[in-house]
Each structure stands twice: as structure tokens, then as C-alpha cells.
Amino acid sequence: MSGTMLAMVMSGVGAGLRLERIALPRPGEYDVLLQVGACGVCRTDLHILDGDLAPHRPRLVPGHEIVGRVVDAGRRARRFAPGQRVGVPWLGSTCGRCVFCLGGRENLCDKARFTGYDRDGGYAQYAAADERYCFELPDRYDDVHAAPLLCAGLIGYRALAMSAPTGPLGLYGFGAAAHLIAQLAVQGGRTVFAFTRPGDVRSQQFARSLGVAWAGASADKPPEALGAAIIFAPVGALLPQALAASAKGASVVCAGIHMSDIPSMPYALLWGERCVRSVAHLTRQDGERFFRLAGDHALRTVPVAFALDAAVAALDGLREGRFDGAAVLTPFAARMGAPAVPVACSREAP
């Protein structure tokens, strides 16, 4: 199968993104080729573009929160039927043989490959992905509302699962992940406090609208000591602030793939059996559990839709905190260039 498509392409660190017409991806033996209906915009994409994460490829199509429909498949890909909707996450593949993979911690595999980092992602009209690492999605969410679940939801869920289960839960940085996980925690009976940038009244009001019991600035003292905290913002200075707001025995989970340096702090902030840990990627088991929960719970995802060629504006808005919820690209709403060459499914349903 051949043809071309529109994609936002990164040609190097600091080079930004440019709309280009490139060849359609060729699916590998376990790959499905998807027509992209929506792709979430994640802070990790900013870290890749800015060089906070070391580049893995000289040219790259970013994007790892992909919702699409199967239009073609590799010779050994038989999990999904033609036309079926599929979700593609950050974790793109693992070796399946190392101590981490065999021990149920494939997220730590040294040979893992990641969507929109090691292989081209969803800032495009079509994307290929290994079907073994993709997910079926709950029908209750359309493409634009489902896209943020594939990273903001998944990583947030893993961070929540790692958090101490009692006492108020503090969320530092109330963006795409926090607005979803706050709802899961509230629906599960937790008291949730939201911490935002100082003066960010808009995001604090947004947090309260989702059931959060209290919202304030990151350095504010919450009404009660935290039993657990999750830091979604990539700001190392938030760690001692979260510890200072936490009770003895609390856990603080750093949920980002990149964080600025953590400042020196007194041991007294950590003492009292407080625990600090990080979250690295996700496992497929995390995904299966999360999407069962997302299917059973009416999570209010708040997407802000952008056309494909407006990806730079979406990333700038994310960087500067111009909107609440999650930015989502809709690749077939691109305003520039001719329509992509149509593709037809080349195999029958299994």
C-alpha cells in the first residue's frame, strides 16, 4: 500500500515542527496502520522538542495519545478488525525477555521503544503501531475525548495506584492528568486537594468544578496534612513543598518523565517514614485496568481541539498554561495542503 499524508515533523532539537507531506507508514509484521481520528498533546512532547529528553531520531513525528481506526495491518497482526477503533499509548514495544518484562515490570525494560519518540507518532493523518501494545477503548468516549486517556489517564492511574491509599490526596499541577485522576479519586471516596501555580484562579476553579475539596497555590498549606501527593508539574521545587504538606507515612509520587532539579532540603521533611518515588511509563496491565475503570466511570475529559497544522499553537498553550484540560489534535481538520491520499483496507477481518 502506498500514498502520502500530512504530518507535523520535527527535524531536530530546537527546530520546532513543520507541516510536511510524507509517505504513509509501512506497517511491520505485528503493526496496524491507523487513520488517526485524534491525538493528544502531552508535556512529554514538549520535553522531546526542547531536548530535555535526549533525541532518539534525527526526524520524528511526535504524539503518543493516538485514537485511530484500522485501515491496514502487517502479516501477523490479527488482533483488531478492519475499521475497529484502537488506542495507542506511549509504550510502543518491549523486548519481552529481560528480568523486568518477565517480572511484570515491562515499563522498566531497557529495550523499550516509545510512540512519538522511537517511532513516529500521531501528529499525522496516519500512524502505525504494534497491535500487541494497543488498547480497545470504551465506547462511551468519542475520539477527541478518548485521546487524553492514553497518557494523561494511564500515567495518572499508575501514579494513583502507587500512592498511599489513605488520607487526603494532593495533586500538584492541575492539567491533563490531574483533571482525570482527581475524578477517579473523588469517585473512589478520596478527599482531593489541588495545587496550582500561584495566582492561577482559573485552574483552581476548574479543579473545584470536578469535585476537588480545596484548591490553592503550590506553596499554600492545605486544610489537612496529605496522606499522599502526586506531582504532575515538571518542577523539582515542588517536591519539598509536597513533603512539607504531607503527614508522617505519606507517599509523594513524581509522575513526570522529566523534572527540573530538586533543591536541597532538610532531612526532617522526609523523616517520619515519608516515601518519595517516581513513575516510569506504564505496563499493558495498567492500561487494561484503567480502561475498565474508565468504561465504568463517567470521566469528564475536557479536550481543547486543534487542527493538525495548529500543533505548535497547542504546544505553546500547554507550555504557558493557557487552557484547562487537554489539548487534542484532529489530523483531518488540517487547514493546509491537499487531502491525504485515501487508503483502503487490504485485508479481511479475522
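Predicted model: local features only at pLDDT ≥ 70, side-chain atom pairs only at ≥ 80, totals over all residues.

Me: What volume does the largest pocket have?

Reply: Rolling a probe the size of a water molecule over the atoms shows where empty space is left. On a 1 Å grid over the protein atoms alone, a pocket is an open set of points with protein on both sides within 12 Å along at least five of seven lines, whereas a cavity is a set of points where a 1.4 Å probe fits but cannot get out; lining residues have an atom within 4 Å of a point. Grid points are joined across faces, edges and corners, and a volume is the space filled by probe spheres set on the points. Here the largest pocket has a volume of about 880 Å³. It is lined by 43 residues, of which Arg43, Gly175, Phe232, Ala233 and Pro234 are the closest to its centre. Two or more lining residues come from each of α1 (43-50), α4, α5, β10, α6 and α9; such helices (H or I, at least four residues) and strands (E, at least two) are DSSP runs, numbered from the N terminus.

Me: Is Asp130 buried or exposed?

Reply: Buried means under 20% relative accessible area, exposed over 50%, and partly exposed in between (1.4 Å probe, protein chains only). Asp130, which is placed in strand β8, counts as buried because its relative accessibility is 7%. A contact requires heavy atoms within 4.5 Å. Not counting residues up to four places away in sequence, Asp130 touches Tyr30, Asp31, Gly92, Ser93 and Arg119.

Me: What span should helix α5 have?

Reply: An α-helix has 3.6 residues a turn, so residues three or four places apart point the same way. The expected span of a helix is 1.5 Å times one less than its number of residues. For the 12 residues of α5 (residues 176-187) this rule gives 16 Å, and the end C-alpha atoms are 18 Å apart, which agrees. After α5 comes Gly189, whose phi is positive, near 95 degrees.

Me: Why is α5 described as largely enclosed by the rest of the structure?

Reply: The description holds because 9 of its 12 residues are buried: Ala177, Ala178, His179, Leu180, Ile181, Ala182, Gln183, Leu184 and Ala185. These buried residues pack against α4 (152-162), β9 (169-172), β10 (192-196), α6 (201-209) and α8 (284-296). Ala177 has a relative accessibility of 14% and therefore counts as buried. Beyond four places in sequence, Ala177 touches Ala152 and Phe232.

Me: Which residues does Ser203 contact, leaving aside its neighbours within four places in sequence?

Reply: Ser203 belongs to helix α6 and is buried, at 5% relative accessibility. Its contacts, with those neighbours left aside, are Phe174, Thr196 and Asp324. Gly216 lies in strand β11 (residues 214-217) and is buried, with a relative accessible area of 4%.

Me: In which sense do strands β15 and β16 pair?

Reply: Two strands pair if DSSP finds at least two bridges between them. Strand β15 (residues 303-307) and strand β16 (residues 326-330) are paired in the parallel sense over 5 bridges. The chain passes from β15 through helix α9 (residues 311-320) to β16, in a right-handed β-α-β crossover. A crossover is right-handed if, with the strands pointing away from the viewer, the path from the first strand over the helix to the second runs clockwise. Within the pair, Ala307 stands opposite Thr330 in β16. Ala305, also found in β15, counts as exposed because its relative accessibility is 52%.

Note on methods
Residues numbered from 1 in each chain as written. Heavy atoms only, no water.
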